[in-house]
Amino acid sequence: MLFEENYQEEVTQFADVILPVPVPRLFTYRVPREFAGIVTAGVRVIVQFGKTKVVTAVVAKVHNSPPKEYQAKYILEILDDVPLVTTQQIDLFHWIAEYYMCCAGEVMNVALPSGLKITSQSKVQLNPEFEYPELLTEREKEIIEELKKHSSLSYDELARFAEVKNVYHLIKSLVGKRAIIVFEEVKEKYSPKIVRKVRLNSFYEETGNLTALIGELEKTPKQLEVLLQYLRYVPALRTPELNRKGLEKSTLMKAGISEGSLGTLVKNGVFEYFEVIISRFADLEPTQEAASIQLSGPQQKAFDEILQQFQQKDTVLFHGITGSGKTEIYIKLIELALESGSQVLYLLPEIALTTQIVVRLQKIFGDKLGVYHSKFSDNERVEVWKNIISGKYQFIIGVRSSVFLPFNNLGLIIVDEEHETSYKQYDPAPRYHAKDVALVIAQKQSAKVLLGSATPSIESYFHANQGRFGLVTLKERFGNAQLPEIELVDIKYARKHRLIKGGFSGLLLEQLKLNLEKKEQSILFQNRRGYSPYLQCEDCDWISTCHQCDVSLTYHYNGQELRCHYCGHREPLPRTCAACGSHKLKTMGYGTEKIEEELQQIFPEAKVGRMDLDTTRSKTAFQTLIGEVEKGAIDILVGTQMVTKGLDFEGVSLVGIFDADKMIHFPDFRASERAFQMITQVAGRAGRRDTRGKVIIQTNNPNQPILHQIIHNDYENLYREEISEREAFMYPPFSRLIKLTVKHFEQEIAHNAASLLALKLREKLGAPRVLGPEAPLVERVRNQFIFEVMIKLEKTIGLKGVKAFLSEQIQDVLLMKEFKGASIIPDVDCG
DNA sequence: AGCACGCCGACT
DNA sequence: GTCGGCGTGCTC
């Protein structure tokens, strides 16, 4: 028996870990004997990776089979005694990596807040046993002198001082001469928030002692003042337990206490300093507002139907028109789920997650509710993560990346505005869709999913029609508010008959004026930021373009510069035409800045605000702007698609859509769907309570059927047309799309690589399943030429096999020496 | 990704 | 000859 136990312990353990690098496999490390049993799936460990780097890894699996081809390195350190990553999450990471064709490390990188990750930095310091300074060159002596001033220097700092690009040789030489040593500095990034507090020595909680103290301090009025101030906040006699908790030192300082007097009192043992770790989030008590929420008749009916559908279906699509009061229904559902003891995740697109909704939910759910948002600091994210693990947060409201949080017992996931494209991550891998990931998590944890939208995606509606999802519809606005009246303005006709001023039709101006007189607010929607999308020479028609991308440069009035919206390049506004030297440069087209300017000229007395990426960059700007609209400080708000996302303003009764055609004619099979969604959503901002709102759409062609579907809010009609088109051309939901983006600095190489790839894929998959290569709308970005190959697969085809084949072919093409320097990026379920 | 290592041209 | 540049391949 004893022997067997010993024998068990003798077996060496190995851990397969996920490393934060884009390498498509796990790495095996050896578990040191003293860590045996503590290293389990989900704990973070520190390992050496490569010759120099030290990184944080997450253990995916522990086993006993030593790797055959190499000697595994030892795990250096364990960071957690309780796994910070759940086994469910590790499964999910693997699922995402496989489904979206990326590496588990890339998934982990976006999943873990960077505060939970540790990377080492290589640093150098003087060798204390350095003996032969005569060996050094003059240059090296200077560096040693510099190093003496600091305890250590990073490679970067050293390179900057030595003014060399490549410090490697320098370091190697100095190490060879035994002048310096290289070491790895490991930094824990997360730091708990600490407050310095002060409390009265418990000796003075006695009446007698305290009176005596006051008597003593009569001689030193400054010190007496400190004591009296303290007692004002903390009545130490009456409530000694409050004294134990002390008072924040900063509170005393603010009350005008000097550091010195307090310091003396501490030295004399009257007061004592101590520190406590506090949460970055204030604890909020629920105010029991939930009980007061009364669902209207139609809301109650929808609520009952949703519950009933959940009896049979795991996913329900909730189609509630704008202003129908979906939030109240969500709240009731969330309460129900929490009561049953399970966790809840409420997903919202980035821009719809405003303080309004958070404050409202906090009033109801108090400190059970955690918020996860991209504008949170890293430390805050770590605290949210830890609070979910500890069980404090049972309800999270958050954006796309919240699907990666360590839930283990989800009962309900709400995906609000489920049609929103921002749920799909496009740029760095993992290129995941949060809605689909939510569905997968729900399935793994047996949770229910509610997809909510006023304009459901065609896919979701299709699944509902097919019976895969349940469907609940709410077609009445809350409190009998009416849907806005929508009018089309033929801008071509208006231009011809001079019924136009700047970019504004007579009708739009008239209504804006009327609204100003009535002291009601208006929103103007133009999905293009900047002043004008391009600058053109009147003499030779030259257009300002980006030198590293294939697009025109947008003129930004604010900053007087031209900017590329693809690569971020900026240049000062040219005074003359770069082609012919003419001074006649005119701004072409309308961006939000120009609309703002024209409005201000036409209505000088009106307060005009602008909401786009440029005015909401800073952490608070967005909230400030919303606040101003709410309190009526802005009469007309001009904005990009930001103004379409779930903003609730009481006083808005007019919405103007500046140019509807851009959206409708966008070259994408989803253009109609998107145009419908965007226009319907922004129209929904008009007239929420008792006044019926008005919407004016400016277009070159008022006869387009899509505009009439929008006017009549005829979603079913749009759906019927779209779905038959999708079926005819085998687009989603009848197929799956995988886009392969091929990039290279030389156009020809990019094209050849893409062509060869397409050819190889066609051979096996068949010609109809492979489209392209085709140059995208913008053919060149950051000097790289782009070609796209699209794979269209029927739903019946097994994805695993195809993806393995794709990866194989991609590797083949990338390894060919004529395509050196090319990159091929797969995007599963693109678009 | 990030970094060691190797090969190559420009200069003392 | 040496220094510094960049291209390549590996990381348990």
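Let's start with some sorting: Ala, Val, Leu, Ile, Met, Phe, Trp, Tyr, Cys and Pro count as nonpolar, Asp, Glu, Lys and Arg as charged, and the others, Gly among them, as polar. The model is predicted, so local features need pLDDT of at least 70 and side-chain atom pairs pLDDT 80 or more, while totals for chains, interfaces and linings use all residues. Residues are numbered from 1 along each chain as its sequence is written, chains are lettered from A and ligands numbered from 1 in the order in which they are written, and side-chain values use heavy atoms, without hydrogens and water.

Now look at DNA strand C. The surface near DNA strand C divides into six nonpolar, five polar and four charged residues.

A side-chain N or O atom of Arg25 is 3.0 Å from a base nitrogen of DNA strand C. Lys820 places a polar side-chain atom 3.1 Å from a phosphate oxygen of the DNA strand.

Elsewhere, helix 8 (residues 221-233) runs at about 110° to strand 9 and lies across strands 9, 10 and 11. Helices (H or I, at least four residues) and strands (E, at least two) are DSSP runs, numbered from the N terminus; contact means heavy atoms within 4.5 Å, and axes are lines fitted to C-alpha atoms, for helices over the stretch in contact, with angles from 0 to 180 degrees between N-to-C directions.

Technical notes: A polar contact is a pair of N or O atoms within 3.5 Å; within protein, one must be able to donate a hydrogen and the other to accept it, and residues adjacent in sequence count only if both atoms are side-chain atoms.
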